[in-house]
Amino acid sequence: MIVVFVVAMAENGVIGRNGQLPWRMPTDLKQFRKLTLGKPVIMGRKTYQSIGKPLDGRDNIVVTRQKDFAAPGVHVADTVAGAVALGGELAARRGVDEVAVIGGGDVFRAALPLTRRVYLTLVRGRPDGDIVLDAFDPKVWREAAREPMQQSAGDQFPAEFIVLDRQS
Ligand SMILES: NC(=O)c1ccc[n+]([C@@H]2O[C@H](COP(=O)([O-])OP(=O)(O)OC[C@H]3O[C@@H](n4cnc5c(N)ncnc54)[C@H](OP(=O)(O)O)[C@@H]3O)[C@@H](O)[C@H]2O)c1
């Protein structure tokens, strides 16, 4: 089992704005669904609340420091390491080989050392935002694949789907 990120990031590192995604990109949401379906997904409490419900077809693990946090249909973990351990057990039970970290900023930063692969949607724009990630260091991350997103009329920006693997 490996831990992966599934993240959409703009050229300026922006991934979020006012608790939401900073863009409308239905084609990327389809890609997100395709990449995560069947796999355990790990998310921060704020991302969970911005989605508002568990993602269907996936074991949802919400990370929070609140001892009394509970929500229907989700697992709760109080550390990212705990979430990854639980994700590993659930992945084994489902027979899948990836546990997907799906954000937001706090959880991506905490999970980075545990992560072996990044499914990156590189959004070709520089939108305003308040949640920003550092660029993936090319000395650490090797590009394994890149293809242009087939932009539809509803997609606000062009984008590329990139796979980065941690160099061993
Ligand atoms: N572009 C993308 O791919 C993408 C993906 C996901 C989210 N987003 C965007 O990112 C933004 C949300 O990100 P965010 O950084 O504000 O919040 P977040 O990472 O979703 O959630 C932060 C919360 O998670 C809990 N948490 C975080 N790290 C923890 C740790 N190490 N141990 C235990 N609990 C931990 C804490 O919950 P408590 O406060 O409850 O203790 C913390 O307040 C939104 O704008 C969202 O739309 C973008």
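Which residues does F157 touch, not counting residues up to four places away in sequence? I began my notes with this residue, and found that F157 touches W23, M25, V123, R124 and G125, where two residues are in contact if their C-beta atoms, placed from the backbone, lie within 7 Å.

Before going further I noted that this is a predicted model, in which local features need pLDDT of at least 70 and side-chain atom pairs count only at pLDDT 80 or more, while totals for chains, interfaces and linings use all residues. Residues are numbered from 1 along each chain as its sequence is written.

**F157, continued.** I placed F157 in the loop between β9 and β10, taking strands as DSSP runs of E of at least two residues and helices as runs of H or I of at least four, numbered from the N terminus. F157 counts as buried because it has 21 C-beta neighbours inside 10 Å; the cut-offs are 20 or more other C-beta atoms within 10 Å for buried, 12 or fewer for exposed, and partly exposed in between.

**The sheet.** I traced an open sheet of 8 strands in the order β5-β4-β3-β6-β1-β7-β10-β9, with mixed pairing, where two strands pair if DSSP finds at least two bridges between them. β5 (75–77) and β9 (141–148) stand at the edges with a single partner strand each, so one side of each has no neighbour in the sheet. From one strand to the next the twist averages 25°. I then checked β3 (residues 41–44) against β4 (residues 60–63), which pair in the parallel sense over 4 bridges, and found V62 of β4 as the bridge partner of M43.

**The core.** I looked up the largest nonpolar core, which has 42 residues, and V7, I42 and V101 touch the most other members; such a core is a set of buried Ala, Val, Leu, Ile, Met, Phe, Trp, Tyr and Cys residues joined through C-beta atoms within 7 Å. β1 gives the largest share of this core, 8 residues. Leaving aside neighbours within four places in sequence, I listed I15, G103, F108, V118 and L120 as the contacts of V7.

**The ligand.** I counted 29 residues around the ligand, the closest being G16, G44, G103, G104 and G105, with a residue taken as near if its C-beta atom, placed from the backbone, lies within 6 Å. At least two residues of this shell come from each of β1, β2 (14–16), β3, α2 (45–51) and α4 (105–111).

Definitions and conventions:
Axes are lines fitted to C-alpha atoms, for helices over the stretch in contact, and angles run from 0 to 180 degrees between N-to-C directions.
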